[in-house]
Amino acid sequence: MERRTLLRAAVLGGSSAVLGGTLWRGAAYAAPAQPGTGPYGALGTADANGIQLPGGGFTSRVIARSGQTVPGTSYTWHSAPDGGACYADGTGWIYVSNSEINPSGGVSAVKFSSTGTVTAAYRVLSNTRQNCAGGKTPWNTWLSCEEVSLGYVYETDPWGVNAAVQRPALGRFKHEAAAADPVRQVIYLTEDETNGRFYRFVPTTWGNLSSGTLQVLVAGTATSGSFTWANVPDPDGSPTTTRTQVSGSKSFNGGEGCHYADNTVWFTTKGDNRVWQLNLAGNTYELAYDDSLVTSGTAPLTGVDNITGTASGDLFVAEDGGNMEICVITPTDVIAPFLRITGQSLSEITGPAFSPDGRRLYFSSQRGTSGSSSGGITYEVTGPFRS
């Protein structure tokens, strides 16, 4: 059983029982996260950037604005910033960011020094369509996913040295996010359709995504249970879509963000405001969060979208709509707002990613104050994040 599940079992206390050497189902499939006091406390008043943050030393700054030159560089930042990730770069780091426009989407990058000073910005991928989310690989490339019918995944170089490569073996569908599992040597993939599926790609050789097998999750209609994987006969998705090729493959309502850690993969579905959890060691799944199952008060997280995590086990989930918040779900299944962007109700929060040292959180407001893709704003929040 995974650490989060064990913690839930501990919270349940005497209600869990040992049957035949395994924990009772009520502990294995515990209630999803509930609102409570988060580890960082209540949000303060909005700062000069319109962001409400907890106290204790958290501050924000604007890194880039769509259509404007990134400060300290000559590079013009892209429209509709979306999914992103950070990469160690010597004593500094790089933040990559997708552009969710069609046509001409692609990926841009910002390079930082060890002190957080912006030293460069540049293009990593061009002339693609509606690059939404993606995922970081263990070999330090960025998988940028096209959120269009028969979309591709592109493997890109965050340093902008090597040319981006189209990876059709990962399937052609309305891609959203990707997450690498170095233990099982697979890539998990979400699909942004109302009847989307959850996939994994098994490369022929780990570290080389040019060939392999695309598989889809097979499970029942319940919100918890066991699952298996089945091969998708035609990853090209034409003329029969990948999501309808395997009988018994489980349908998910609008797959969005995806995050892997510690033999667990979490992914979000925006159509029903859920965070799903796959316990990979035991091949079981459950709900980590569902706004309709909040038992008291108002659900703190709606428009569930991009997701990332920290070494402490905290999950950070961004909202597309809602209150324009990034919420934190703790390993003890408490959910609370971590930050809120004010005055941007026509936007969505995208691309949350932590710097390699875990002290800085990057994210974007995709449409900013204007409500237009040309008004995107990319931010950094610095502070005492839990390690």
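Start with arginine 167: at a relative accessible area of 15% this residue is buried (under 20%, with a 1.4 Å probe and protein chains only). Before you click on, note that this is a predicted model, where local features need pLDDT of at least 70, side-chain atom pairs count only at pLDDT 80 or more, and totals for chains, interfaces and linings use all residues. Residues are numbered from 1 along each chain as its sequence is written, and side-chain values use heavy atoms, with hydrogens and water left out.

Now show glutamate 155, whose side chain makes a polar contact with that of arginine 167 at 2.9 Å (a pair of N or O atoms within 3.5 Å; within protein, one must be able to donate a hydrogen and the other to accept it, and residues adjacent in sequence count only if both atoms are side-chain atoms).

Next, select phenylalanine 58 and phenylalanine 338. The structure holds 27 aromatic pairs (Phe, Tyr or Trp rings, six-membered for Trp, with centres within 6.5 Å; planes under 30 degrees apart are stacked, over 60 edge-to-face, the rest tilted). In this one the ring centres are 5.3 Å apart and the planes sit at 85°, so the pair is edge-to-face.

Phenylalanine 338 is buried at 1% relative accessible area, and phenylalanine 385 counts as buried at 10%.

Last stop: select Tyr188, Phe198, Phe227, Trp229, Phe252, Phe267, Trp276 and Tyr285, which form one aromatic cluster.

Methods: Buried < 20%, exposed > 50% of the residue type's maximum accessible area, 1.4 Å probe, protein only.
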